[in-house]
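This briefing goes through one protein structure by topic. Please keep the sequence and the 3D view at hand while reading.

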Amino acid sequence: MRTVARKRAAGMFDLIAGFAYSKVLYAMVESGLVDFLSVGASNLPDIAAKAGLDGIAADRLMRAAASLDLVEEVAPNRWMLGEQGAALHSNSGAKAMIRHHRLLYRDLIDPLALLRNNRAKPTELSRYWSYAGALHGHAERGEETNEYSELMAMSQHFVAEQVLSAFPFRGIASVLDVGGGSGAFIRAIGAEHPIAKLGVFDLPEVATGALKPLQDELGANRVTTHGGNFFTDPIPGGYDLITLSRILHDHDDEPALTLLRNIHASLTPGKRLLIAEPLSGVRGAKAMGDAFFGLYLWAMGSGRPRTTQEITALLKEAGFAHTKVVSTPQPVVAGIIVASA
């Protein structure tokens, strides 16, 4: 019982202090110290200078980061990356997401006020996504779209890993990624499997911008992009598999159902739809699905995490006759539901 009590006490303290852990993580990324220490151990004065801190503050930050295994002290006042810090350094997408969370932190200063707002007033996240959406596909805007592009590439990379490790692509000759943006998800599939026909459907300017880079990497004869609005324009037919990667949970039930009906109309018998995204209520991933994505999407102003049962119900209402849940190695990242017409 003593062991159980200690474990529960530690878990409770992590709940109480978790916000501080996140802030330490953010400080290490935003200050550039994760990258700075990746080249090797450094003395505290150099660390302080890099972060723009005095020696006492830098020491406090290093010791906080060490408690989270982001750094370790290899000699008195000499620090290097810890195991978690080294893993973080090599993951540019995760660092982009950590920097992006500054917006979520602002929205969550008063979580009850955020929930009572009931999406009636703009939030930091809703303003960001409205702005990013307006820029979506405009590569000439340069630095303004960097964070958006990093976030999209990161999320699709993580989800693609789960799909590629769990879903068998044997016998599939063609795949269309709906809402595929610059093609990060379809690029991962095409690089792993010799699928003859790969497609991306997104807004016209996005589809146009994605075409040449995808063809250069995967082959001009393999890749086609299609421009349109996935709510109102017909989804291109003739594909064995249509994918929705991190798309459905960004939309409330009515637009999500509209999208699924539009996809169903494009599928001939025997063709399938694959949905890959973080799910609600998944054992071992409930906190990520319901606490993180639940509040994130609320602050964003659109969408919600859904259980497999809720997505299955939407699919059946949209006209899909058969659905199947596919287990993934890391359900905290994404789950998979496959539906057929």
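The model is predicted. Strand β8 (residues 272–277) has five of its six residues buried, so the rest of the structure largely encloses it. The largest nonpolar core has 28 residues, and the largest pocket has a volume of about 1600 Å³.

**Strand β8 and its partners**

- With five of six residues buried, β8 is largely enclosed by the rest of the structure; the cut-off for buried is under 20% relative accessible area.
- Strand β7 (residues 241–245) runs parallel to β8, and five bridges join the two.
- L241 has R272 of β8 as its bridge partner.
- Between β7 and β8 the chain passes through helix α12 (residues 253–266), and this β-α-β crossover is right-handed.
- Strand β10 (residues 335–340) runs antiparallel to β8, with six bridges between them.
- R272 also has a bridge partner in β10, namely S340.

**The largest nonpolar core**

- Within this core of 28 residues, those with the most contacts are V178, L244, L260, I263, L273 and L315.
- At least two core residues come from each of β4 (174–178), β7, α12, β8, α14 (308–318) and β10.
- Helix α12 gives the most to the core, with five residues.

**The largest pocket**

- The volume of the largest pocket is about 1600 Å³.
- The pocket is lined by 40 residues, of which S22, L25, H101, M288 and F292 are the closest to its centre.
- Two or more lining residues are given by each of α1 (2–30), α5 (83–89), α6 (92–107), α9 (146–166) and α13 (286–300).
- Helix α13 supplies the largest share of the lining, eight residues.
- By class, the lining is made up of 27 nonpolar, nine polar and four charged residues.

**The three-stranded sheet**

- An open sheet is formed by three strands in the order β1-β3-β2, with antiparallel pairing.
- Its edge strands are β1 (42–43) and β2, each of which pairs on one side only.
- Strands β2 and β3 (residues 78–81) run antiparallel and are joined by four bridges.
- V71 has L81 of β3 as its bridge partner.

**Residues with positive phi**

- D69 is not a glycine, yet its phi is positive, near 65°.
- This residue, D69, sits in the loop between α4 (55–67) and β2 (71–75).
- The relative accessibility of D69 is 30%, so D69 counts as partly exposed.
- R246 is likewise not a glycine and has a positive phi of about 55°.
- The loop that holds R246 lies between β7 and α12.

**V24 in helix α1**

- V24 belongs to helix α1.
- Its relative accessibility is 15%, so V24 counts as buried.
- The C-alpha atoms of V24 and L61 are 7.2 Å apart in space, while the two residues are 37 residues apart in sequence.

Key: Residues numbered from 1 in each chain as written. Predicted model: local features only at pLDDT ≥ 70, side-chain atom pairs only at ≥ 80, totals over all residues. Heavy atoms only, no water. Buried < 20%, exposed > 50% of the residue type's maximum accessible area, 1.4 Å probe, protein only. Pairing = 2+ DSSP bridges. Right-handed = clockwise from strand over helix to strand, strands pointing away. 1 Å grid on protein atoms, 1.4 Å probe; cavity = no way out; pocket = protein on both sides within 12 Å on 5 of 7 lines; lining within 4 Å. Points joined across faces, edges and corners; volume = space filled by probe spheres on them. Nonpolar A, V, L, I, M, F, W, Y, C, P; charged D, E, K, R; others polar. Core = buried A, V, L, I, M, F, W, Y, C linked by side-chain atoms within 4.5 Å.
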